[in-house]
Amino acid sequence: MNCVRGIVRSTELPIGKDEGVAELTNMETKLGEVMGLAMAAQAATEKVTRLAEDEAPELVGKLEQMHSEAAETEQRCMRIVDTLEGKKTAIQEEASATKRKGADMMKIYLDPDSDALDGFEFLTMAEAGEVGHWKVLKAMTRSISDEEVAALCEWAIPIQERHFTDVKAASEQLAAAEDPAAVS
Ligand SMILES: [Fe+2]
């Protein structure tokens, strides 16, 4: 059975034409997910910036760049979603659900004792997830009507790969500066 996600029940919506149930294709669902990950990435980079400010101020510039690229990614996704007549609400729902899951994961992973290294380790997982999701979306853009999404993937994938490389390098830099024998 097909699992249709992102459905908005018509009973929850105000009465209006074309505002009812929107079934998303797998590709549209994935588009919602990468948009939600870009939203979650903005919150995550803000949180890790606060952790890094005192401990590793030299890494803040990279975090700020990642934050602004995540914001641009969200905007570029939204520009495409805006053109998908009748699907906009359902895709935005999917994005919001993914953003909430990202926020929950961050809350579980980072506690009040977390340091900058913990923050960059969390970002390493999150950025790897973004790279993976964008590649899945790209693999789904097979028809000519998906041209704009395919172009967005071409733009986003190298940026997400760079994010992953940068946060992994930052984690290793912070870990190398720690005393492995110290009791934490
Ligand atoms: Fe990213």
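From the N terminus onward, the elements of the chain follow the order α-α-α-α-α. The chain holds five helices and zero strands, where helices (H or I, at least four residues) and strands (E, at least two) are DSSP runs numbered from the N terminus. This is a predicted model, in which local features need pLDDT of at least 70 and side-chain atom pairs count only at pLDDT 80 or more, while totals for chains, interfaces and linings use all residues. Residues are numbered from 1 along each chain as its sequence is written.

Of the 184 residues of the chain, 35% count as buried. A residue is buried if 20 or more other C-beta atoms lie within 10 Å of its own, exposed if 12 or fewer, and partly exposed in between, with C-beta atoms placed from the backbone. Among contacts in the chain with a separation of 6 or more, 75% are between residues 24 or more positions apart; two residues are in contact if their C-beta atoms, placed from the backbone, lie within 7 Å.

In soluble globular proteins, nonpolar side chains tend to be buried together. Here the largest nonpolar core has 41 residues, and those with the most contacts inside it are L31, V34, A38, A44 and F120. A nonpolar core is a set of buried Ala, Val, Leu, Ile, Met, Phe, Trp, Tyr and Cys residues joined through C-beta atoms within 7 Å. Helices α1, α2 (60-81), α3 (88-109), α4 (116-140) and α5 (147-177) each supply at least two residues of this core. The largest share, twelve residues, comes from α1.

Two packed helices are described by the angle between their axes and the distance between the axes. The axes are lines fitted to C-alpha atoms, for helices over the stretch in contact, and angles run from 0 to 180 degrees between N-to-C directions.

| Pair | Axes come within | Crossing angle |
|---|---|---|
| α1 and α2 | 9 Å | roughly 160° |
| α1 and α3 | 7 Å | roughly 40° |
| α1 and α4 | 9 Å | roughly 160° |

The angle between α1 and α4 makes these helices roughly antiparallel, and α1 and α3 are oblique to each other. Angles under 35 degrees count as roughly parallel, over 145 as roughly antiparallel, 65 to 115 as roughly perpendicular and the rest as oblique. The crossing of α1 and α2 is left-handed, as is the passage of α1 across α4, and the crossing of α1 and α3 is right-handed. A crossing is left-handed if the near helix is turned anticlockwise from the far one by less than a right angle, and right-handed if clockwise.

By class, the contact of α1 with α3 has twelve nonpolar, six polar and five charged residues. Ala, Val, Leu, Ile, Met, Phe, Trp, Tyr, Cys and Pro count as nonpolar, Asp, Glu, Lys and Arg as charged, and the others, Gly among them, as polar.

Some individual residues follow. G32 lies in helix α1 (residues 26-55) and counts as buried because it has 25 C-beta neighbours inside 10 Å. G32 and V81 are 49 residues apart in sequence and 8.5 Å apart in space, C-alpha to C-alpha. Leaving aside neighbours within four places in sequence, V34 is in contact with C77, H133, W134 and L137.

H133 is found in helix α4 and is buried, with 20 other C-beta atoms within 10 Å. With neighbours within four places in sequence left aside, H133 is in contact with K30, E33, V34 and L37.
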